[in-house]
Amino acid sequence: MPESDQKIIHVKDLNKSFSGIKALDNIQFDLYPGEVHALMGENGAGKSTFMKILMGLILPDSGSINFNGEFIENMDVHKMLKKGISMIHQEILMVPELTIAQNIFLGREFKQRFWLDEQEIDKKSEEILNLIGLNLNVQTKAKQLSIAEMQLIEIAKAISNHAKVIIMDEPTSALSDKECELLFKIINDLKSKGVGIIYISHKLEEIFQIADRITVLRDGQYIATKNTYELDKNSLISLMVGREIENLFSSDSRVPSNAILEVRGISKKGKFENINFEVHAHEVLGIAGLMGAGRTEIARAIFGLDKIDSGEILLKGHKIEIRSPKDAIEKGIAYVSEDRKALGFIPEMSMIENISLSNLKNYSKGGFIQTKKETKVSSQMADDLKIKAAGLNQKVMNLSGGNQQKIVIAKALLTSPALLILDEPTRGIDIGAKHEIYKLINQLANNGLAVIIISSELPEILGMSDRILVLSKGKQTAILNKQEASQEKIMHYAIH
Amino acid sequence: MQYINNIRQYGLLIVFGIICLIISLITPQFLTVSNLTIIVTQVSINALLAFGVTFVIITGGIDLSLGSIVAVTGVTAAMLAHPDSYPVLIPIVMGLLAGLLMGAFNGFIITKSKIAPFIVTLGTMTIGRGLALILSDGRPVSNLSDSFNYLGSGTVLGIPILILIFILVFAVCSIILSKTVLGRYIYAIGGNEQAARASGINIDRVKLSVYSISGLLAGLAGILLASRITTGQPNAGAGFELDAIAAVVIGGTSTAGGRGTMVGTLIGVLLIGVINNGLDLLNVTSYYQQIVMGIIIIGAVVLDSLNQKSNS
């Protein structure tokens, strides 16, 4: 790390409270040009608040922020953008009907007199895309892009803005391995150009791959800043959670019993083809594959969100036809979607109301909801899953990602399913909540539930599954036993 | 969802109270039993429409066909309500049925075609107006039986029938919304339709229900209006849907869906009635009244969005 260079960012003793509760307590942070500085901590550790302050979205209560040798006061978004801080958001903000080029220069369009100079916008955009090695037509409309492509274009936008500091918040959460590689290559390019990068991620593997230094926050407090080589996974986790998590996966040995779900030769045009597998009671089946391999599409079809073109699905030995999620739930299939916000919960509703939503029939009489029964059962489930909310009536939109995910799982479990499908069950949630969800999945499988886990994180698939189904471009390429499976083997079949 | 679920509604209630207080200080006739009865009677037709469309708006939809349904059902009922033709129950049942069918038609097209409710109900609005003119041959249908006319002008135990219906419909609607499974599903669909579907809710059935309820209540409003003015007017009800939507919006229901209450709509309806009545008493011409009403609609939504921001 270039100690001699001047720091781009130097934050000292930063404090921020929200209605009396300390969100940030004496935060220290610095960033050198050409450095990737990872910011780590569980959900609620204060990372977002800190980043919002750096972006000028909220003002700190006290403390100093020095940017390029200059103390900054009364920050606001425009000032910070001008100084060269850009943020790549977790949720991408692009105008779907505008082209890539129009999006990159949105708000900073080139003009000739009064008229937009579309040619210049396209030309400059092409240069930037070439620079980061992204091979796309700049006249493509944003709505046709994958999330991964949009994320990379957001980075292009930051570069075009001559950013000196780029904040990346969970940039790889929607990227395939190949796209991650491209991202890391871009990050290395940026480093060599002297751009400082603040990198937020829950994926420890990539932190060790890419970060030069790591700062850990916990419950709003500054814990430590270390060089990456001084840490290993376990020591980093214990800094983050304040205790050692011994065995993240703690998978037990189980004996699978009767087949719950049998999938026979199902196909859906353009999505997946001739898929065959079984899931048994007392068993966790992992489904692995790259983005676009058809993992989520298969789950959606089994749950009745999409129709299959051909093939059979059997539940407990009987052929079934699933026309809608309602059908699936009534037959004993529950699905926890990869897209928590879109398919998981009703943000305006309370925890209680969300947990009971799939099962209201059992808590109503003659169309009237039996509120007492509903509250009792839902809050029991919330207790079992250790969901933390300020009160029973707190809206789910105000809860952390981990708690939201647990609520979606609680809703699925309340329908007493025979088969539970979990699609990316730990995406974007912190390590403590992850650990709890893993424990829960094990417990459920031990108690006789058939579980399918879909995940992009190979350690998760390997740690949790009894058997692993590997997909590649919509076709199944292998079913591996726990004993024979390894990261290399899965990858081998995934790129088959 | 509780009856009154946020500070905003207390705020609305306070604003309502202050306005009543101001008007009653300026004009002593305001706070008399007879004047208050007039206000409630006047708003009762709008209230029925507003209660119905509240369900629709909470699912994230809209119903622009209400005014036309009022006309069709009013004409239908009036045609069957001539003296010595049918018992009074027949025009009432047929009028309600006509409203229910038109509402169900909206719901059916919206769920099957996936076309935006705004467009579908705009179409139904035009179709309905044409239907009312065809049924009535373009002329008001008059000469109605006394028993039919009694609905809109009569009293039971000294209370106008209109007011009794108003109270009854309010009670039923607010129970449906806050206590039943259907009510919960209505909020769920407006809050996140995709997630509601993935939770096993039959989206189409719920939507069909809300548009049917909206149509049914518009039918009830149409019958009562025909009875009150003792004619079935093919041109009746034009623009009623906008008054109803205004009341719902003033009452704090989000047009984006997922949020709102019947109590809010009730207060919205009464607020509009009280202000119109107060301005009448103060001899403000109806031209200015419209401007005042517009300001109140925008003001209510601005307050609402400020309140939402401070909550989040």
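## Salt bridges and contacts between the two domains of chain A

Between domain 1 of chain A and domain 2 of chain A, the count of salt bridges (a side-chain nitrogen of Lys or Arg within 4 Å of a carboxyl oxygen of Asp or Glu) is 0. The interface of these domains also has 0 residue pairs in polar contact with both residues at pLDDT 80 or more. A polar contact is a pair of N or O atoms within 3.5 Å; within protein, one must be able to donate a hydrogen and the other to accept it, and residues adjacent in sequence count only if both atoms are side-chain atoms. Helices (H or I, at least four residues) and strands (E, at least two) are DSSP runs, numbered from the N terminus.

The structure is a predicted model, in which local features need pLDDT of at least 70 and side-chain atom pairs count only at pLDDT 80 or more, while totals for chains, interfaces and linings use all residues. Residues are numbered from 1 along each chain as its sequence is written, chains are lettered from A and ligands numbered from 1 in the order in which they are written, and side-chain values use heavy atoms, with hydrogens and water left out.

## Layout of the domains

Domain 1 of chain A covers 9-94 + 145-241, and domain 2 covers 259-494; these bounds come from an automatic or database domain assignment. Their C-alpha centres lie 32 Å apart. In contact (heavy atoms within 4.5 Å) are 15 residues of domain 1 and 16 residues of domain 2. The buried area between the two domains (the accessible area, with a 1.4 Å probe, that two parts lose on being put together, summed over both) is about 1100 Å², and carbon and sulfur atoms give 57% of it.

## The interface of chains A and B

Chain A has 28 residues in contact with 24 residues of chain B. The two chains bury about 2200 Å² between them, 56% of it on carbon and sulfur atoms. There are 3 salt bridges across this interface. The side chains of Glu348(A) and Arg259(B) form a salt bridge, at 3.6 Å from N to O.

On the chain A side, helix H10 (325-331), helix H11 (340-344), helix H12 (351-356) and strand S20 (368-369) each supply at least two residues. The largest share, 4 residues, comes from H11(A).

## Two loop residues

Asp466(A) is found in the loop between helix H16 (458-464) and strand S23 (467-472) of chain A. This residue is buried, with a relative accessible area of 13%; buried means under 20% relative accessible area, exposed over 50%, and partly exposed in between (1.4 Å probe, protein chains only). The side chain of Asp466(A) makes a polar contact of 3.0 Å with the side chain of Arg254(A). Residues up to four places away in sequence aside, Asp466(A) also touches others, including His282(A) and Asn481(A).

Leu31(B) lies in the loop between helix H1 (7-26) and helix H2 (33-58) of chain B. Leu31(B) is exposed, with a relative accessible area of 56%. Not counting residues up to four places away in sequence, Leu31(B) touches Ser24(B) and Leu36(B).
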